Amino acid sequence: MGKFLLGVLTGGILIVLIAVIGIFAIASFRSRPPAVEDSSTLILHLGGDVPETPPVDISIPFLQPKTPVTVENVWAMLRRAAADSRIKAVVFEPRGTSIGWAKMQEIRSDLEQFRKSGKPLIAYLQAPSAREYYMATACSKIYMSSVDLLDLKGVAFELLYFKNTLDKLGVHVDVEHAGKYKDYGDQFTKTSMTPETSEVMSSLADEIYGDLIDTVAKGRGKDPAAVRALVDNGPFLAKQAKANGLVDELRYEDEAFGELATTLHQKDIKKVTEQTYMDVPDSAAGITAKDRIAFVVGEGSISREAGVTNGSGLFSEAFDKTLTRVGNDSSIKGVIVRIDSPGGEVAASDDMWRAMNQLHRKKPVVISMSDDAASGGYYMAMSGDPLIAEPATITGSIGVVFGKPDLHGLYDKIGITKDFVSRGKFALIESDYQPLSEAERAKLREGIDSDYEDFLSKVAAARRKPVSAIEPVAQGRVWLGDQAKAHGLVDELGGLDRAIDMIKAKSGIAAGNRVSLVLYPPKRSLVDMLLRPNPDAEVDSLLSGVGLEPLRNAWHDAGLRVWMRGGMLQMLPFTIQFK
């Protein structure tokens, strides 16, 4: 009887919960666009990641977390605010952002474009790193608290190597690669940088540090040499930052808003946050557009299968279906494909390459590259359409790498043994109980070299160059966007504004006409999230639980799950995080 009553109670609770979710879901469908008061100020908060793909829309007020804005949201809001007569100013408040240098360049460019409207644009910084400060230099005035710290001290890269740990565990990883710079596998087989890796990392550091210096100098009206000397003395106490002209005023936040209110001849600032303003339709700001342009996002590590925690990743099957749907939509005049991917599985990258080429034959296409468009992320873009990158977009890495773990030593430590019966010379080539034999290694080299030659030929065809011109800048080497342009691997430098200008020209849309961007994939609902399988959750929990956060990140971001079953990757050799 007790179990029966418990079942009834549990069922009742589930019914009530489902009803509540349904009510809020229906309410969200019927909700009106948010209202914006006259003489409002847009407060643009940025924190954590700024993704390319919209997050899950839970549509339940007491469960809905603060929704992170996307790169497209930032672009659209600033574009809308410039034209919206109700918006009189913008306050930029970044804090704790975790984005790459190319996205920083994109957002800073968007801020500069808004500033051309003549409306006030100020920044209020809290615990700013070089990342937040870099973007804020686009503003006409920068505030921070008098007891805060400006953590501006240059650029440094740290590469993580697991070999010593794997040796202690009794794990050996066999690695083969095509391209002398294709050093993704080095994290498992070496303890420090090779000369090739050091060469690439030094090149990236020089370029990014130079951009930091030049951008701060431009934004603050200083000589680059003076800024370089200043940065060598960072980080800065707030008073030091002001004394050296890096910020304008030291104020508490309410004091900064008070000064802005005086500038706007208002008693108090009427605030509208990005959480509200990103849901305001363009039409409410007097912006009309009849021409529809698809904005297709490909974001994350590439694989054929779903199953990464929270559904993140770029899965070829879903992406290909999206491109087919866009290609068959007669209302779409052109397509911007936005890529933010370090690569992944070879076969999945090739699937998407084919779908991109099929779309190329149906619609005008322009490809916009975000933080990463490397290895498989670059491969999929080889449709012959124009490529646009930010100066700091991680680009290229034209190469192939294979890895297979040998866990025999680990099995010995924990008392596991394996025995075999096999038929066929290479039947055990993927076994995790033995290293590769010379014959097996030679067999794998055939596939690696074939994939590399195929990669080269596809790049050569898309870039309209002979393979002999591509091969010297391939070899698995990573380039920044401006370096890639100098070597003919991309066509233009710029962000969404440049992509829109180019797609309008390709689609026969007048340069002065506004266009409506139609996002693919659209924002996911709670139902989508609940129905999405999540087989990697156990791995995520295990790696986090034993304190192996770097390996957890590798599992999700670098395709380690593919290597654990023996696989060929077109993968960026490293992940760059700016601190």
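**A helix pair and its surroundings**

Modeller: Of the contacts in the protein chain between residues at least 6 apart in sequence, 76% join residues at least 24 apart (contact means heavy atoms within 4.5 Å). Keep in mind that this is a predicted model, where local features need pLDDT of at least 70, side-chain atom pairs count only at pLDDT 80 or more, and totals for chains, interfaces and linings use all residues. Residues are numbered from 1 along each chain as its sequence is written, and side-chain values use heavy atoms, leaving out hydrogens and water.

The protein chain holds 23 helices and 22 strands (DSSP runs numbered from the N terminus: H or I of at least four residues, E of at least two). Out of its 579 residues, 51% are buried (under 20% relative accessible area; exposed is over 50%, partly exposed in between; 1.4 Å probe, protein chains only).

Now zoom in on helix α7, residues 195-220, and helix α8, residues 224-231. Their axes come within 9 Å and cross at roughly 115° (lines fitted to C-alpha atoms over the stretch in contact, with angles from 0 to 180 degrees between N-to-C directions). That makes α7 roughly perpendicular to α8 (65 to 115 degrees; under 35 is roughly parallel, over 145 roughly antiparallel, the rest oblique). On the α7 side, the contact is made by Tyr209, Ile213, Asp214, Val216 and Ala217. From α8 come Pro224, Val227, Arg228 and Val231.

Who else is around? Look at Arg477, which sits in the loop between α17 (467-470) and β19 (478-479). Its relative accessible area is 10%, so Arg477 is buried. Skipping neighbours within four places in sequence, Arg477 touches Glu199, Val200 and Ser203, along with Tyr181, Thr395, Gly396, Ser397 and Ile398.

With neighbours within four places left aside, Ala462 is in contact with Met382, Ser383 and Gly384.
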